[in-house]
Amino acid sequence: MTTKRIAEIQQQIFELTGELGTLLKQSRGAEVPDYRFADGSGEVSLLELFAGRDTLLAIHNMGQGCRYCTVWADGFNGFLPHLENAMSVVLLSKDPPELQRRFANERGWRFRLASHGGGAYIREQSVVDGQDNYPGAVVYKREGDRILRFNACVFGPGDLYCSLWSLLALAGMGVQDWTPQYSYWRRPEVLDDGGENVN
């Protein structure tokens with residue numbers, strides 16, 4: 001009985017995801033300002049982040065201080081070539097550009113990066129009203145020099161946007177059973193080099 005019920009729920013989720021996709025496609029969008037950001041070369045506008053494309057996926061990342069945001073970005077990094085085939089992609093956080101780049105290099109991220117610095121953009125374009133540093137994503141579309149905000153989503157443990165949670169659930173583990181870490185290295189019981197000064 002359990003196996004049959006699991007299959008039924010999986011089918012319902014599949015169907016609801018398709019319905020959600022249809023509704024998202026029908027969104028009309030609302031005009032937003034051409035916000036300014038800091039990046040490795042100085043300053044860049046929201047319009048410039050489109051990089052000549054008509055659609056922009058802006059990933060709202062809380063910055064290097066959030067292990068969960070790091071998990072989402074690690075996953076999206078693997079999909080990045082596919083996403084960039086369809087639209088422009090940028091990872092936005094409050095961290096200054098030099099910190100963003102250093103952390104991205106450590107993680108092997110290939111995202112275009114920009115910093116909102118906690119300013120007007122994230123206060124006005126947050127994925128959760130009243131929350132100015134909440135993880136999620138926003139899709140913008142460009143019509144000439146007009147920028148329209150179309151759809152947004154919130155990231156959180158167990159959501160649709162990080163396949164890791166579904167795979168953990170398949171193994172019988174929920175969000176209360178596992179917490180992401182920045183690194184999973186474990187010190188061996190014996191280190192062949194003597195083991196001095198190991199962090």
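In which loop is the place of Ala51? Ala51 lies in the loop between helix H2 (46-49) and strand S4 (55-60). The model is a predicted one, in which local features need pLDDT of at least 70 and side-chain atom pairs count only at pLDDT 80 or more, while totals for chains, interfaces and linings use all residues. Residues are numbered from 1 along each chain as its sequence is written, and side-chain values use heavy atoms, with hydrogens and water left out.

**Overall architecture**

- The protein has six helices and eight strands; helices (H or I, at least four residues) and strands (E, at least two) are DSSP runs, numbered from the N terminus.
- From the N terminus on, the order of the elements is α-β-β-β-α-β-α-β-α-β-α-β-β-α.
- The C-alpha trace spans about 60 × 55 × 35 Å along its principal axes.
- Of the 199 residues, 35% count as buried; the term buried means under 20% relative accessible area, exposed means over 50%, and partly exposed lies in between (1.4 Å probe, protein chains only).
- Among contacts (heavy atoms within 4.5 Å) between residues at least 6 apart in sequence, 60% join residues at least 24 apart.

**Backbone at Ala51**

- Most residues other than glycine have a negative phi.
- Ala51, which is not a glycine, has a positive phi near 50°.
- With 52% relative accessibility, Ala51 counts as exposed.

**Aromatic pairs**

- A pair of aromatic rings is described by the distance of the centres and the angle of the planes.
- Rings of Phe, Tyr and Trp (its six-membered ring) pair if their centres lie within 6.5 Å; planes under 30 degrees apart count as stacked, over 60 as edge-to-face and the rest as tilted.
- The count by this rule is 13 aromatic pairs.
- The ring centres of Tyr68 and Trp72 are 6.5 Å apart and the planes stand at 45°, so this pair is tilted.
- Both Tyr68 and Trp72 belong to helix H3 (residues 67-86), where they are four residues apart, about one turn of the helix.
- Tyr68 is partly exposed at 24% relative accessibility, whereas Trp72 is buried, with a relative accessible area of 4%.
- Tyr121 and Tyr140 form a tilted aromatic pair, with 6.4 Å from centre to centre and 55° between the planes.
- This pair links distant parts of the chain, with Tyr121 in helix H5 (residues 120-125) and Tyr140 in strand S7 (residues 136-143), 19 residues apart.
- Tyr121 is buried at a relative accessible area of 2%, and Tyr140 is buried at 0% relative accessibility.
- One aromatic cluster is formed by Tyr68, Trp72, Phe76, Phe155, Tyr161, Trp165 and Trp178.

**Lys141 and its surroundings**

- Lys141 is found in strand S7 and is partly exposed, at 33% relative accessibility.
- The charged end of Lys141 sits over the ring of Phe150, 5.4 Å from its centre; this term requires NZ of Lys or CZ of Arg within 6 Å of the ring centre and within 35 degrees of the ring normal.
- Leaving aside residues up to four places away in sequence, Lys141 touches Phe50, Asp54, Thr55, Arg146, Ile147, Leu148 and Phe150.
- Lys141 and Asn151 are 10 residues apart in sequence, and their C-alpha atoms are 9.8 Å apart in space.

**Nonpolar cores**

- A nonpolar core is a set of buried Ala, Val, Leu, Ile, Met, Phe, Trp, Tyr and Cys residues joined through side-chain atoms within 4.5 Å.
- The largest nonpolar core has 21 residues, of which Ile59, Trp72, Val89, Leu91, Trp109, Phe111 and Phe155 touch the most other members.
- Two or more residues of this core come from each of S4, H3, strand S5 (88-93), helix H4 (97-107) and helix H6 (163-170).
- H3 gives the most to this core, with five residues.
- Apart from this core lies another one of 18 residues, among them Ala58, Ala114, Tyr140 and Ile147.
- Not counting residues up to four places away in sequence, Trp72 touches Phe155, Gly156, Pro157, Asp159, Tyr161, Cys162 and Trp165.

- On a 1 Å grid over the protein atoms alone, a cavity is a set of points where a 1.4 Å probe fits but cannot get out, and lining residues have an atom within 4 Å of a point.
- Grid points are joined across faces, edges and corners, and a volume is the space filled by probe spheres set on the points.
- The count by this rule is one cavity of 30 Å³ or more, and the largest cavity holds about 60 Å³ of space.
- Residues lining the largest cavity include Asn61, Gln64, Leu91, Asp95, Phe103 and Trp109.
- S5 and H4 are the elements that give two or more residues to this lining, and H4 gives the most, with four residues.

Conventions: 1 Å grid on protein atoms, 1.4 Å probe; cavity = no way out; pocket = protein on both sides within 12 Å on 5 of 7 lines; lining within 4 Å.
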